[in-house]
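Subject: A structure for you to look at

Hello,

I am passing a structure on to you, and I hope you enjoy looking through it. Please open it first, then read my notes below.

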Amino acid sequence: RGGRGRQRRGALKAAAFRSNQARPLTIFTDNFSAIASGYDVVLSDVWGVVHNGVAAFPEACDALVRHLAPRMQWPLQDWTRLHRSQAMRLFLPQLPVAALIITPLAYHFGWLGAAIGALWVPWSAWLAWHDARHAGWAFDGTTIAVRRGWWSRTWRMAEVGKVQVLRMTRSPVDRWCGTATLLLDTAGGSAIGDPLQMRFLPVADAEHLMATLSADVARRPLRW
C-alpha cells in the first residue's frame, strides 16, 4: 500500500483515544515504550505486532506486561531452575500414553508398528528433560512468577499485592521426592482458571516462600 501510509515491516500501529481530543490519534512507532506512558487504553493488533504466526515477539510481550502491570519489574532477572532430576516426574506420565500408541500399532503392523510406536518413549524423555531444564520460578519481593515448557513456553506471574490465598500441598510422590507445590490465588483472577502453581519445589524452598509471602501479604493492603 503506497503513499504516506506505508510503514516498514514490524512497525507497531497503536490507536488510542484521548479525552481532550475529538478525533482518534494514530501514531506509528517501532517502540511501544515510547508511547505507552501517555495512554490509558491501547488497542493492539496481534499478528505482526505480538506474534508472527509461528512465535511471539518477546520484546513486544514484555512491553505489554509492563504496561498492564507497571508495578512489576518485568522481565525478572533472577530465576531459580528446577533440579533436572524432576525431568523423570515429567516423563513418567507419558509412559501410559506410549502404551496406548504402541499397542494398536503392534496389533495391526506387528513388530514394525511396535518399533515405530516405541519412538514415542525417547521423544517424550527428551522433551521432559528440556522442559525441566527451562522450568523455574522467580520472586523479587513484588512479583512472583513461574515458567514452564520448552517446545511451547508459558510464563505466569502475579503481583504479591494481589495474592489472597496461599496453599502448600504435598502429594505422596512429593513426600517421596522431598518436594512440594505452592498454589497462589489472586484478586481479580479467573473463577474457573487454575491458580498460579509452583511445582516440584524442594520442601525447604516451598516453606521459605510460604512464610515470606504470607508475611508480605499480611502487611500489604489488598489491591484489586
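Here is what turned up, starting with how to read the notes.

This is a predicted model, in which local features need pLDDT of at least 70 and side-chain atom pairs count only at pLDDT 80 or more, while totals for chains, interfaces and linings use all residues. Residues are numbered from 1 along each chain as its sequence is written, and side-chain values use heavy atoms, leaving out hydrogens and water.

Salt bridges come first. The count is two, taking a salt bridge as a side-chain nitrogen of Lys or Arg within 4 Å of a carboxyl oxygen of Asp or Glu. One joins Arg-89 to Asp-174, with the closest N and O atoms 2.9 Å apart. Arg-89 sits in helix α3 (residues 87–91) and Asp-174 in helix α6 (residues 172–177), so this pair links distant parts of the chain, 85 residues apart (helices are DSSP runs of H or I with at least four residues, strands runs of E with at least two, numbered from the N terminus). Both Arg-89 and Asp-174 are buried, where buried means under 20% relative accessible area, exposed over 50% and partly exposed in between, using a 1.4 Å probe and protein chains only.

The other pairs Asp-185 with Arg-167, at 3.4 Å from N to O. Asp-185 is partly exposed at 27%, and Arg-167 is partly exposed at 38%.

As for disulfides (cysteine sulfur pairs within 2.5 Å), the whole structure has zero. Cys-61 is partly exposed at 26% relative accessible area, as is Cys-177 at 30%.

Best wishes
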